[in-house]
Amino acid sequence: MKDEKVKELLIEQLRKAPIVQLAAEKVGIGRATFYRMKKSDKKFAKEVDEALLEGRMVVNDLAESRLMAAIQSG
């Protein structure tokens, strides 16, 4: 049951910041453990890929809005 909670927390972290190392550290596991979990659980792997995509979109939107603000302020 603990692994399921860790997986949920990882997905949540990846949606906020799509960086595996940071997400793994925040939930208290190593990067290698993350990749073992991903490799052994197809459902989790799919959720990870979706969360990474969502996280990248959030980062891109943030970067774009900051860039536009910088352009507008000269």
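**Salt bridges, a helix crossing and a nonpolar core**

Let's start with charge. Glu4, Lys7 and Asp41 are linked in a network of salt bridges. Keep in mind that this is a predicted model. In total, the structure holds seven salt bridges. I'll go through three of them.

First up, Asp41 and Lys7. Their side chains meet at 2.6 Å, N to O. Where do Asp41 and Lys7 sit in the chain? Asp41 is in the loop between α3 and α4, and α4 covers 42-73. Lys7 is in helix α1, residues 2-16. Now accessibility. Is Asp41 buried or exposed? Asp41 has a relative accessible area of 19%. The cut-off for buried is under 20%, so Asp41 counts as buried. Lys7 has a relative accessible area of 11%, and Lys7 is buried too.

Lys16 forms a salt bridge with Glu12, with the closest N and O atoms 3.7 Å apart. Both residues lie in helix α1. They are four residues apart, about one turn of the helix. Lys16 is exposed, at 54% relative accessible area. Glu12 is at 39%, and that counts as partly exposed.

Over to helix α4. There, Lys46 forms a salt bridge with Glu50. The closest N and O atoms are 3.4 Å apart. Lys46 and Glu50 both lie in α4, again with a spacing of four residues, about one turn of the helix. Lys46 is exposed, with 54% relative accessibility. Glu50 is partly exposed, at 40%.

As a general point, side chains of opposite charge can pair when their charged atoms come close.

Now the helix packing. How do the axes of α2 and α3 cross? Helix α2 is residues 20-27, and helix α3 is residues 31-40. Their axes come within 9 Å and cross at roughly 100 degrees. Angles of 65 to 115 degrees count as roughly perpendicular, so α2 is roughly perpendicular to α3. Which residues make the contact? From α2, they are Val20, Gln21 and Ala24. From α3, they are Arg31, Phe34 and Tyr35. By class, that contact has four nonpolar residues, one polar and one charged.

On to the core. The largest nonpolar core has 15 residues. Which of them touch the most other members? They are Leu10, Leu14, Ile29, Phe34, Phe44 and Val48. Helices α1, α2, α3 and α4 each supply at least two residues of this core.

Take Leu10. Residues up to four places away in sequence are not counted here. Leu10 touches Ala23, Ala24, Val27, Ile29, Phe34, Met37 and Phe44.

Met37 lies in helix α3. It is buried, with a relative accessible area of 9%. Leaving aside neighbours within four places in sequence, what is Met37 in contact with? The list is Asp3, Val6, Lys7, Leu10, Ile29 and Phe44.

One distance to finish. Met37 and Ser65 are 28 residues apart in sequence. In space, they are 35 Å apart, C-alpha to C-alpha.

Terms used: Residues are numbered from 1 along each chain as its sequence is written. This is a predicted model: local features need pLDDT of at least 70, side-chain atom pairs count only at pLDDT 80 or more; totals for chains, interfaces and linings use all residues. Side-chain values use heavy atoms; hydrogens and water are left out. Axes are lines fitted to C-alpha atoms, for helices over the stretch in contact, and angles run from 0 to 180 degrees between N-to-C directions. Angles under 35 degrees count as roughly parallel, over 145 as roughly antiparallel, 65 to 115 as roughly perpendicular and the rest as oblique. Contact means heavy atoms within 4.5 Å. Ala, Val, Leu, Ile, Met, Phe, Trp, Tyr, Cys and Pro count as nonpolar, Asp, Glu, Lys and Arg as charged, and the others, Gly among them, as polar. A salt bridge is a side-chain nitrogen of Lys or Arg within 4 Å of a carboxyl oxygen of Asp or Glu. Buried means under 20% relative accessible area, exposed over 50%, partly exposed in between (1.4 Å probe, protein chains only). A nonpolar core is a set of buried Ala, Val, Leu, Ile, Met, Phe, Trp, Tyr and Cys residues joined through side-chain atoms within 4.5 Å.
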